[in-house]
Structure formats: C-alpha cells, structure tokens
Amino acid sequence: MNILVPIKQVPETSNVKMDPSTGTMIRDGVESIVNPLDLYAIETANQLKERHGGKVTVLTMGPPSAHKALREAIAMGCDDAVLLTDRAFAGADTWATAYVLARAIERIGGYDLILCGERATDGDTGQVGPNIAAALNIPLATYVSGIESVDTGRGEMSVWRMTEHGYEQLLLPLPALLTVVKEISFPRLPTLRGKQRARASEIPAWGAGDLGAEADKIGLKGSPTRVVKIESPKVTRGGTVVKAADGPEQAVDQLVAFLRGRDLV
Amino acid sequence: MTTYGTITRQVIDELTAIVGPRNLIRDEEKMQPYAHDETPEEQYSHMPGVVVTPTDAQQVAAIVKLAVKYLIPVTPRGAGSGLSGGAIPVYGGILLSLEKMNRVVEIDYANMMIVVEPGLVTNEINALVADQGLFFAGYPMSLESCFVGGNIAENAGGGKAVKYGVTGQYIMGLELVTPEGEIVTLGGKNVKDVTGYDLKRLIIGSEGTLGIVTQATIKLSPLPKYKSDLLVLFEDVAGAIDAVPVIFSKGGITPTSIEFMDKLSVHTACAYLNEHLPYQQAGAMLLIEVDGSDQEQVDLDAERIGELLMTHGAIEVYVADNHTTQERVWSVRRNIAEAFKVYSPHQSLEDIVVPIAAIPALMPLVDAISKKYNIAMPTYGHAGDGNLHTTLVKNPESTMDEWYAVEEQAVNELYDAVRSLGGKISGEHGIGLKRKPFMQRLTDPVELKLMRAVKRAFDPHNIMNPGKLFDVEEQA
C-alpha cells in the first residue's frame, strides 16, 4: 500500500506573539515544526504501512528550509520525501498550493492513499486536503477518526468520520484522500536511527518546471484568495446564568428548556 | 521543651498594628490552606494561630521581635509547595506568609544578577530575563508554582542539577531577618568573598530555622539556545540504572539532565495525561537532555549519548529536538508525583540521594524492601545526580494503622540502605517535619551537636520554625 502524506512546516504557535498593530505573527526566533495535526496523518500512514506493506512518501511545498520538516517525518518512519520549492510558488493560497501538490502527486504516481492532517495550525483553513482530492478527482473523506478496514485486494477501505452529530462510516474505493483528526492515532516520537536515516536521505527538490505547472496557476498569481483585513477576535464568554431565585424547580425547568432548545437532551 | 505563649487579643492587636488588618487572617476557613504543604494533610497538617502577610522586611522584623517578646513560634512560608512539611506551623503560633513580598527589586544586567523578594514565583525570573538571553539555572521542577524564598530555604534542586547544580550555587546575597528580629545582609554581588564565615551558605537550606529571607541577589546565566532530549528505553530497571554512570565515564559529555522513570511511574503519568509513550515494551526509561549554544554540537552530543546507550543495553532511543516533542516527554516526567496522588492518595514520596556510582547497588535493595512489605515502590527521579524519588504506596488492602506502621519500618530500612551506600535521606526536599524522626538516628552525633549549637546561636529563644530538622534539646 503506497501512501502519500502532504505536510506543512508551520511556526511553533504554542509560544507565538502577535504584533498588535499589524495583526500578524511575529516570526522572529520562532521555531519551525511539522504542523502538529499532520503528525496524525504521518502516524496513521506508518501504521497502515506496517500492517499492509508498501511505503510512505511525504511531500511539502515551502522554502528550501522546509526539508527539516520532511526529515522529521522520515525520522518518524516515512520512507521517502519530496520538497516542492520554487520562488514562483511564493504567496500561494490554498487553491494554488493544492494545485502544486496535486501536480507533484501525479508525477510521483502509483499511490493507493493520500493522508492529510485536518488543517494547518497557522492558516487553519482545512482546505488544502479537499482541494487536492478535487484536483486529482479522487474520493475524499474529511475528519476521519478511525480506519475500520482496508482491503487492498478489492482496492477499498472503510473509515469512520466525525460529523457534527456523531460518526458516520464510509466505504471508499482506492485511491482516495483522507483528512484525519487527532482521535485516529497517537504520533510516535522520532527515533535516533530514524534521525540518522533522515539526515542521510537525499530529498529531491522539484520546482515549477519539474512539475510542468502552469505559471498562472501557481504562487500569488494563481491564488484567487485576497486577505482584506486581519484582526484578533475578542473572546467573550458571557454565558447565561440560570438563577434559582424562584425556587430550584423553576431553575431546573429553565435549564432543561435551554438544553432542549439546542437539541442537547 | 520550650513552652510557648499563646495568641492573645493583645498579640493580635500588636500584629494588626504592624501589618494592618488586611494582612492578618484569623478566620479558620481562610487559615486552612496555611495548615499544610504538599505532604499528606491527614498525617502532617497543623493549624496556625494566626496568619500574617507582611509586605516588607521592616514588618517581618517587627513581627519577629513581637514573637520574641511573647515567646510565640513563627513559621515562615513560601508557596506551600514543599515536600517535607517545612512550612507547617506545627506549634501553631504565627504563620508568616511571604506571598505579598513578590517584587523584583533590581535587574542588574551589567553584573548578570537579579534582586528579588522571596514571594516571587521562581519562573517569573526566567520570564523576565529570557529576552536578554539569560536564565536562573538553579530552579526546581515546580518552578511554575514555587517561590524563590522556599527554594532558598530548602536549597532546592531539580531536573537540571546534573549540569547546573542547585539553588544555592546561584544565590549571591541575602537580606535576612534574624530570629531576634534584626535585619542583616549576607553576601552580595561579589563573585569572590571570604570575608569571615560564609553565613549566607549556612542560611541556604536551613529550612527557615535560622531566619527569614526578605531579599535575594541571584546570579543569572546565559540561556542555552538549543537543546535536545533523548527518551531511552531499557528492558528493566537495572539496565537503565547501570547505563547512567556510563554516560559520564565513557560519553565525555555532561548532560543537562538524566531523569529515570520506572515502568509503573511512566504508566501512571501517561494514564493521567492521556499520553501514549511506548512504555509497554520497556521496564524503565531514561530521559536525557543536552543543551548548548551551538545547534550542531547539541545534536552531536545527543547522538553520541544515544549511540553509546544503544551499545549499553538500550532497546530504543527516541529523539525530541523541538519544543512540542520535548514538552510531551517532559510533561510525563513532571506529572509523575501528581499522577500518583490521583492513583493512590496514601503514599510517602522519598528523596534519597546516593553517589552516582552507587545507584546500581541501591535498586536491588529498594526492590527487596518493596517485596518484604508487599507495597508498590515506584521509583523515578534525577538519576544523573543520584537523587531518586522512590515512593512508598499504601497497599489498598491494608488499614491506615497498618500502613503507618509499614511506612515507618520500610522508610527506616530504605534509609539504612541509603546510608550503607554513603547516601543521605534527602537530596532536595529537606528534612522538615516529615523526616525529623529519622534525622537523629541517621546523623553523626557530633554533626548534630554542631547543628544544635548553630541553631541556639541564631535563635536563642527557639521561636523560628521550631519542630523542624531536629529538636533543639537532645532527646533521651
């Protein structure tokens, strides 16, 4: 089972500061890491490989320094990596990013499954995974929380996905693309041997020319998204206070009505 | 045995005149949190007669003078995160909490020092000076909640002591209110100082029995830019422990930390945190950190240690070299004590320390005591400096009375084992109330005589944190 895992290198946001005047992130001195939610896709891919054989290839679009993220994935057990890097890719939105990743995936070829993290912790859109599936015209399941079964012979897999109301089970023909949520696995730590292998790995770097990417579909030019304004949301948690002034029974009635009104009981 | 005065209306009035009504607590419910620290409450807690929260050294001195006048015991207290009962007002009296003395007096970048009051949360120092590439290297594991004053009183150690040592190495100067209510400055900003006895060092680790620290001058160190952690799995405890001396003798590297966790400790902390470290396959783990100012060197050091351990019995070496993965592994180590409290509230958290080379010999002795008394004795701690937090956990089937009897006997045997290897009964938590009964038996009588003489010289009225460390009067 050959699995591709597109990942993203993101700034480590646990201790990130925002510039209050511009509303943008202060990136100075902030470490770059593998998008934490992509680790679940990497882990799931490695587990599937361990069970069904095949190999796991990670790929990312980013600056040349993004090879670090790919090496971290190799240290966790992935086999190969491809870096998509070109000045012409800069300024890409989710649409242009997915286009480049899809072209790279077509070039790699021979895949059974594509696994993506739910979203990146910096952009938070959750769009790139579904966009890749659309660009490749393959089946898609988002928010996958568990894999029920894989039948490589029949070329299909059964997965559980989270919805707003619970879980649903889907049967997908392969190749397919899944975006996975945290519940699916516990990411392993990279090993020393993995780190050594990662350091020795040669990671090919593909540019726009290697992918035969159309110039007007990549980078800023190929990005229909326009950022009009960025502001920090104000958190308000006012809540509703149910007072027991008229006796606890009435308060309980009010609370039950409140919950019923929101379909919670 | 000193007979102490009681907290009369007169005493309250005079205390109120010193600190003001807002800094005095008499309400039983509000005094309750001051009756215990992190030792088991049912075993060691004691209510104070009155709680005062002075705001400067003059107030502290006036309170102590008043205590001398009426012969009332004074128990100084920091954050109450102690693990030996040092801040418990065992004779009631005045509980003097330093929580409101939490100012930063001066940051002296030219001398790389910071002057702070004792009620400052230790980690605040690091938060303040990190931007300048500095840090306070002597901090303990509880740095996010403990106070600087408590660190000094206990000479607290921690997870980085292997490379950086303990609190005392970084305390350059102290302002102290003596047990007679005088204010004195000991040490200062001089790197070298042999002007008379080193009384400052005597105060550090004296558990609040020789006076109350009201200000501290602390040395700051360059903050290492890079660090890398290794989580090393071994088949069993002996394998992990045997590997520790090898890191020093054959590795040629001094790591920042070498922490040891046995399977039970890792399992309990993982269950508490919903974390999934690969503990199932390992009987014990070492968590090793290296740091430095050069990324390549740090990676190289980590790799060399990893390689060395792979040839000395390690079954797997995991590498955590970014903040996220490092937080994952350290969180497990930091939460072990907390996790065991949830798992079983009745336990004795020990703090034994032996010379590093003696750790392999200690572990079978711990195991034998555990089997003899049929109690779980999970062990974790700072293997790199020989300081292990072996914990005695009550067997669920035994009654509390049986547990207390077993606890005492097992602790005694553990301490004997430690002593036979040239070790000591506390490495960083202190003697306080909890280990006082063992102190007399396990300390050289001459050493104890000298300690008593020091105590009497500082505190002739025996009012400063009495009932801790040892009894001033020799017991028959």
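Trainee: Which residue in β2(B) does Leu24(B) stand opposite?

Mentor: Leu24(B) faces Val52(B). This is a predicted model, in which local features need pLDDT of at least 70 and side-chain atom pairs count only at pLDDT 80 or more, while totals for chains, interfaces and linings use all residues. Residues are numbered from 1 along each chain as its sequence is written, and chains are lettered from A and ligands numbered from 1 in the order in which they are written.

Trainee: How many bridges join β1(B) to β2 of chain B?

Mentor: Strands pair if DSSP finds at least two bridges between them; helices (H or I, at least four residues) and strands (E, at least two) are DSSP runs, numbered from the N terminus. Here β1(B) and β2 (residues 50-52) of chain B run antiparallel and are joined by two bridges. They belong to an open sheet of four strands with mixed pairing, in the order β1-β2-β4-β3 (chain B). β1 (24-25) and β3 (74-77) of chain B are at the edges with a single partner strand each, so one side of each lacks a neighbour in the sheet.

Trainee: Which helices pack on this sheet?

Mentor: Contact requires C-beta atoms, placed from the backbone, to lie within 7 Å. Axes are lines fitted to C-alpha atoms, for helices over the stretch in contact, and angles between N-to-C directions run from 0 to 180 degrees. Helix α1 (residues 9-19) of chain B touches β1 and β2 of chain B, its direction making about 15° with that of β2(B). Helix α4 (residues 57-70) of chain B touches β2, β3 and β4 (94-97) of chain B, at about 165° to the direction of β4(B).

Trainee: How many residues of chain A are in contact with chain B?

Mentor: There are 11 residues of chain A in contact with 13 residues of chain B.

Methods: Two residues are in contact if their C-beta atoms, placed from the backbone, lie within 7 Å.
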